[in-house]
Amino acid sequence: MANHKSSIKRIRQTIVRTERNRFYRTRLKNIVKDVRSAIEAGNKEEASSAMTVANKQIQKFVSKGILKKETAARKISRLHRAVNAI
C-alpha cells in the first residue's frame, strides 16, 4: 500500500480514470459495430445515419483525450470508405 498522500491520491485518480476510459472504449466499439452491421445489411440510409453519429462521437472522444487524432481519422476514414462502397 502507498505511504505518501500524493501516491494515495494518484491511486484514486487512476481508478476513476480507468473506469471512465472503459466506458468510452466500450461506447466506441458499440458505435463502430452499429455502422458495420448496417453496412453488412446493405442498408445505405441506416449506414449513413449511423456514420453521422459515429463521426460526431469519435471526434468527441478525441477532444476528451480518449483517442489520438490520427487513430480517430483512421477509424472514420475506414468507416466512410465502407459506407460509400455499398
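User: Which residues of α3 do Lys-44, Ala-47, Ser-48, Met-51, Ala-54, Asn-55, Ile-58, Gln-59 and Val-62 in α2 meet?
Analyst: Keep in mind that this is a predicted model. On the α2 side, the contact takes in residues including Met-51, Ile-58 and Val-62. The residues of this contact divide into 9 nonpolar, 5 polar and 3 charged. Over on α3, the partners are Lys-69, Ala-72, Lys-75, Ile-76, Leu-79, His-80, Val-83 and Asn-84.

User: Are α2 and α3 roughly parallel or antiparallel to each other?
Analyst: Their axes lie 10 Å apart and the packing angle is about 175°. Angles over 145 degrees count as roughly antiparallel. So α2 and α3 are roughly antiparallel.

User: What do the buried residues of α1 pack against?
Analyst: The buried set in α1 is Tyr-24, Leu-28, Ile-31, Val-32, Val-35, Ala-38 and Ile-39. Those buried residues pack against α2 (44-64) and α3 (69-84).

User: How far apart are the end C-alpha atoms of α1?
Analyst: Take the 37 residues of α1 at 1.5 Å a residue, and the helix should span 54 Å. The model agrees with that, because the end C-alpha atoms are 54 Å apart.

User: Which residue forms a salt bridge with Glu-19?
Analyst: The whole structure has 1 salt bridge. With the closest N and O atoms 3.1 Å apart, the partner of Glu-19 is Arg-22.

How values were computed
Residues numbered from 1 in each chain as written. Predicted model: local features only at pLDDT ≥ 70, side-chain atom pairs only at ≥ 80, totals over all residues. Heavy atoms only, no water. Salt bridge = Lys/Arg side-chain N within 4 Å of Asp/Glu carboxyl O. Helix = DSSP H or I, 4+ residues; strand = E, 2+ residues; numbered from the N terminus. Expected span 1.5 Å × (residues − 1). Buried < 20%, exposed > 50% of the residue type's maximum accessible area, 1.4 Å probe, protein only. Contact = heavy atoms within 4.5 Å. Axes fitted to C-alpha atoms, helices over the stretch in contact; angles between N-to-C directions. Parallel < 35°, antiparallel > 145°, perpendicular 65-115°, else oblique. Nonpolar A, V, L, I, M, F, W, Y, C, P; charged D, E, K, R; others polar.
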